[in-house]
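Subject: Predicted model for your review

Dear colleague,

Please find below the structure that I am handing over to you, together with its sequence. I would be grateful if you could read the notes that follow alongside it.

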Amino acid sequence: MSRFFYSLLLYLISPLAMVRLFLRSRKAPEYWQRKSERFGFFNLPPSGKPVIWVHSVSMGETIASAPLVKQLQKRYPDHRILITTMTPTGSAQVRKIHGDSVEHIYASYDLPGAVKRFLDKVKPVVAIVIDTELWPNTIAACHKRRIPVLIVNARLSERSARGYGRFSFLTRPMLKQIDRVAAQNDETARRFLAIGLPEKQLCNTGSIKFDLDVSPEVIAAGKALREKWQEGMGDDIHILVAASTHEGEDQQVLDAFKTILADVPKMRLLLVPRHPERFNRVYQLIQDNQLSVVRHSLGTQPQETTRVILGDTMGEMMKLFAASDIAYVGGSLVPTGGHNMLEPAALNLPVLSGPHVFNFAEISDSLVKAGGLKIVSSSEELAQETIRLIQNNNEYEEMSRHAGEFVSANRGALDRVLTLVGQLVNTE
């Protein structure tokens, strides 16, 4: 009965969801152009092959799941892979990473009718959900149709656990219908048990984000970019990349950079906003700060006086990290929760981050203890730590080594997840 009232509420607020899609489409038109997919209306070309369904909410989850998807394609060549996302940035990443080798649509809203239409057309043999997207109607419908559900890379913050706990009448029945939860860490595992997940359905696999696919081609492309950017400035140029910055954070990074320039004049900032709809605003903000800037998307050669490169492309973050010396990972000087600091660490970059890293709390704590990450609380500290690393080569080399070793030591979750997938697919 509780799910009935949950569904009724969703139907009542669905007009607001349409308004939200329309408003967001003013910055990202694809939100409105493909709205029908969110209600289970889409065309999926027939093939006769069984479908493995992978749901990755947005860009970050899509990138993190890429090695898993590629392994699924190798291990199950007679299956089709369908990837669903919720955002245009996630959709763009699917096509950029996988091209036409997978099927892709937006995930349906958790409305009973939409979920039914989706499952009627897709008929997946397994549902693999990246991170923690727990939708009661979708999970119940899969359970009713005997479609195994696997939550991969599951993370659950203390705040989220309290939220689920307040609606235990809805979440506890849902958790019993999930076949496996592959937790990122001990804390997440403990919290899932506390909110009602049966222990037999829990596996602590670690995070597949450690199993990064860093190809030699990406590293070579990053080095080529760096060579282009340092023309006219000599080999002693330094590049600080500020990755996945958010509203209110870009100015803090620019303030830090101007302080750095006073001590390190041969310095360039590679500023990469998280959301593409902000590219133009951030470009104007850089100019307002009296800093010479070029847009990476235009391929313009930086001049000797160029100080900032705006990373206004999608899906090139690893290449941009490979072109840099030090990485600041954004969403952390503002209370957004941080972003994946393992990507620069895997490339042996010293990593800096603000204090707001609650989305990556255990990873950030462990990387700090390993010596590969430094937490800074302000733009002033960001400037100080960057200057310190540039001026002290021994500290720079040590922090770089610790970052890379931390990622290497924690690989292996991908194989454990693939074992779980095999168990579930084989029970179909």
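An open sheet is formed by seven strands, paired in parallel and ordered β10-β11-β9-β8-β12-β13-β14. Its edges are β10 (293–295) and β14 (373–375), each of which pairs on one side only. On average, and with direction ignored, neighbouring strands of this sheet are turned by 20° against each other.

Within this sheet, strand β8 (residues 238–245) runs parallel to strand β9 (residues 267–273), and seven bridges join the two.

β12 in turn pairs with strand β13 (residues 351–353) in the parallel sense over three bridges, and V329 stands opposite S353 in β13.

How many of the seven residues of β9 are buried? Seven of the seven are buried, so β9 is largely enclosed by the rest of the structure. Both of its faces are covered. One side carries M267, L269, L271 and P273, while the other carries R268, L270 and V272, and all of these residues are buried.

Helix α11 (residues 250–263) lies across β8, β9, β11 (308–310) and β12 (326–329). The helix runs at about 175° to β9; an angle over 145 degrees counts as roughly antiparallel.

S324 is found in the loop between α13 (317–322) and β12. With a relative accessible area of 7%, S324 falls under the 20% cut-off and therefore counts as buried. Leaving aside residues up to four places away in sequence, S324 touches R226, I239, V241, L270 and L349. As for V241, its C-alpha atom is separated from that of S324 by 6.1 Å, although the two residues are 83 apart along the chain.

Most residues other than glycine have a negative phi. Two exceptions deserve a look in the model.

N153 has a phi near 60°, a positive value in a residue other than glycine. N153 lies in strand β5 (residues 149–154). Its relative accessible area is 0%, so N153 is buried.

S244 likewise has a phi near 60°, positive although the residue is not glycine. S244 is found in strand β8, the strand that is joined to β9 by seven bridges. At 12% relative accessibility, S244 also counts as buried.

**Two helix contacts**

How are α3 and α18 oriented to each other? The axes of helix α3 (residues 59–75) and helix α18 (residues 413–425) come within 11 Å and cross at roughly 50°. The two helices are therefore oblique to each other, and α3 passes α18 in a right-handed crossing. On the α3 side the contact is made by P67, L68, Q71, L72 and R75, and on the α18 side by L414, D415, V417, L418 and V421. By class, this contact of α3 with α18 has seven nonpolar, one polar and two charged residues.

The second contact joins helix α7 (residues 158–166) and helix α8 (residues 168–176), whose axes come within 5 Å and cross at roughly 100°. α7 and α8 are therefore roughly perpendicular to each other. Y164, G165 and R166 in α7 meet S168, F169 and T171 in α8. The residues of this contact of α7 with α8 divide into two nonpolar, three polar and one charged.

Yours sincerely

Terms used
Residues are numbered from 1 along each chain as its sequence is written. This is a predicted model: local features need pLDDT of at least 70, side-chain atom pairs count only at pLDDT 80 or more; totals for chains, interfaces and linings use all residues. Side-chain values use heavy atoms; hydrogens and water are left out. Axes are lines fitted to C-alpha atoms, for helices over the stretch in contact, and angles run from 0 to 180 degrees between N-to-C directions. Helices (H or I, at least four residues) and strands (E, at least two) are DSSP runs, numbered from the N terminus. Angles under 35 degrees count as roughly parallel, over 145 as roughly antiparallel, 65 to 115 as roughly perpendicular and the rest as oblique. A crossing is left-handed if the near helix is turned anticlockwise from the far one by less than a right angle, and right-handed if clockwise. Contact means heavy atoms within 4.5 Å. Ala, Val, Leu, Ile, Met, Phe, Trp, Tyr, Cys and Pro count as nonpolar, Asp, Glu, Lys and Arg as charged, and the others, Gly among them, as polar. Two strands pair if DSSP finds at least two bridges between them. Buried means under 20% relative accessible area, exposed over 50%, partly exposed in between (1.4 Å probe, protein chains only).
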